[in-house]
Amino acid sequence: MLARTVLSLLAPPLCAACGRSAGRLEPLCAGCRRRLRWLGSEPAVAGGVAVRSAVAYEGPARALVRALKYRGALGAADAMAAQIAAALPQGWLRGAVLVPVPLARGRARRRGFNQAERLAAGVAARTGSAVLDCLERPQESGTQVGRGRAERLARLAGGVRVRPDALPPRRAVLVDDVVTTGATLAACAAALRESGCAHVQALSYARTLGR
């Protein structure tokens, strides 16, 4: 992690999508930022959970997510969180606590961070919301990329739980980088509700369209 941080400071800022020069604080160049497809203010429903996403999961947005998750481009998380917060209607988070979607322990160790935690912290810094890391995924469920909703649900069933030492909030807003089939949100929401959470919604940076 330290090596990544030093490298990011020494290396010239390059666009995560096209590799061209980008601003010092911008993970995408101006051209790729213009190519982002912003989603409307109306929430979608994924996995039975109302979710607000900033952009469609395609093109530069997909490249930005991959740069964060697989190349450790941690500066991308702050830009993504800023876009999430900018797309929120005023007051939408009032009374809610942000809950990051958990990574399996082994994957978190290998990656060195949980991208959902980074995004939740960035959104909280901009909105004044509280963050509660109260969910865990004790065992690996394998990568979810390319799997259909039924298979994702089967792999996640019972795999997400509230931490034994945590008390979930009454009103929770799950935070994740990408929403695809909604299976992960469904598993997280079920764990929260079983532990007494009365209201669950979600935020994500990007969402796959047409699912």
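Student: Which residues touch the most other members of the largest nonpolar core?

Tutor: In general, nonpolar side chains in soluble globular proteins tend to be buried together. A nonpolar core here is a set of buried Ala, Val, Leu, Ile, Met, Phe, Trp, Tyr and Cys residues joined through side-chain atoms within 4.5 Å, where buried means under 20% relative accessible area with a 1.4 Å probe, protein chains only. The largest such core has 36 residues, of which Met 80, Leu 93, Leu 98, Leu 203 and Tyr 205 touch the most other members. A second, separate core of 23 residues includes Ala 44, Val 160, Val 179 and Cys 188. This is a predicted model, in which local features need pLDDT of at least 70 and side-chain atom pairs count only at pLDDT 80 or more, while totals for chains, interfaces and linings use all residues. Residues are numbered from 1 along each chain as its sequence is written, and side-chain values use heavy atoms, leaving out hydrogens and water.

Student: Why is helix 8 described as largely enclosed?

Tutor: Helices are DSSP runs (H or I, at least four residues), numbered from the N terminus. Nine of the twelve residues of helix 8 are buried, so the rest of the structure largely encloses this helix; among them are Ala 183, Leu 185, Cys 188 and Leu 192. Just after helix 8, Gly 196 takes a positive phi of about 110°.

Student: Which residues of helix 6 does helix 4 meet?

Tutor: Contact means heavy atoms within 4.5 Å. Residues of helix 4 including Ala 77, Met 80 and Ile 84 meet a group in helix 6 that includes Leu 119, Gly 122 and Val 123.

Conventions. Buried < 20%, exposed > 50% of the residue type's maximum accessible area, 1.4 Å probe, protein only. Helix = DSSP H or I, 4+ residues; strand = E, 2+ residues; numbered from the N terminus.
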